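Thanks for coming. The structure is up now.

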Amino acid sequence: MAPPPPSPSMAPPGLIHSAPGPPDTCALLPPPPAATAAAAAAATMSGPVAETPSAIQICRIMRPDDANVAGNVHGGTVLKMIEEAGAIISTRHCNSQNGERCVAALARVERTDFLSPMCIGEVAHVSAEITYTSKHSVEVQVNVMSENILTGTKKLTNKATLWYVPLSLKNVDKVLEVPPVVYSRQEQEEEGRKRYEAQKLERMETKWRNGDIVQPVQNPEPNTVSYSQSSLIHLVGPSDCTLHGFVHGGVTMKLMDEVAGIVAARHCKTNIVTASVDAINFHDKIRKESATSSMKHPLSQNTGLHGQNWFLWSRTQ
């Protein structure tokens, strides 16, 4: 009996590029035979249907500027790589049929836990695949593996779910329709629809609370919540932006992680690492050449980074 085909969510070792080249590579992984056959059958029965796009894998070696003083890679660096992989595969899928061209914009990131630290000199393998599409949304599942290239040891560091919406290149306020994907099992579509409805409801709830901003306290008492509160200001440049001229979601998450790390280190007075990030919703776009301010304060000594308690706004220069 022939062995089953590899799961598209995790790239087999043989498909990872190992030829000499730059440290940053993006391996294109072909879709599994079952998905190709299903797409062909669906097209025969009901007309043209978008074939499931290839899974992708971004590989990058971790450098000293990616890590803290202890050699552990910043959580924001990992989040940025996750978002880059999701943006690539969702934008490719949304442009897989003839029509108006678009760029997929990040709308939401579900809760993600940092299961294992990644260190300087290790290679990050970020694998992404599309798991569900609605009329205007794309769900992308991303797995992150770290590899010690001296010993060959690999370990899972992150699993994340991201939601994207396609925005027209001609009109950034116009949301386009997403080509459907073909599911190998009917249950996959039903489960995806439930996840879509759940995130849509929670996203609307956080949008209603978007105006609840905690103002800084003057001369706060030591060891209080206000005492550790910090803010970070970043001038948005071209390298931070998409083709639309708006900030990548991964850049925003990296800034959020940086200011949270400052808060946690100031409060704990020791080295810290990102352990978990709650769901983060992106309600508005940040333009190029804006000054972006992010603020964070600790909630308690036992919490991770909570996306629901971030305060981030932009000001055009």
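**Cysteines and a helix pair**

Cys-119 is partly exposed, at 27% relative accessibility; that label covers values between buried, under 20% relative accessible area, and exposed, over 50%, with a 1.4 Å probe and protein chains only.

Some ground rules. This is a predicted model, where local features need pLDDT of at least 70 and side-chain atom pairs count only at pLDDT 80 or more, while totals for chains, interfaces and linings use all residues. Residues are numbered from 1 along each chain as its sequence is written, and side-chain values use heavy atoms, leaving out hydrogens and water.

How many disulfides are there in the whole structure? The search returns 0, taking a disulfide as a pair of cysteine sulfur atoms within 2.5 Å. For Cys-94, which is in none, the nearest cysteine sulfur belongs to Cys-102, 4.8 Å away. Cys-94 is buried, at 6% relative accessible area.

Now helix 2, residues 75-94. Helices here are DSSP runs of H or I, at least four residues, numbered from the N terminus. Helix 2 spans 28 Å from first C-alpha to last, close to the expected 28 Å, which is 1.5 Å times one less than its number of residues. Of its 20 residues, 16 are buried.

Which way does helix 2 run against helix 4? Their axes come within 8 Å and cross at roughly 170 degrees, the axes being lines fitted to C-alpha atoms over the stretch in contact, with angles from 0 to 180 degrees between N-to-C directions. That makes the two roughly antiparallel, the term for angles over 145 degrees. The contact, meaning heavy atoms within 4.5 Å, includes Leu-79 and Glu-83 of helix 2 and Met-253 and Asp-257 of helix 4.

Technical notes. Angles under 35 degrees count as roughly parallel, over 145 as roughly antiparallel, 65 to 115 as roughly perpendicular and the rest as oblique.
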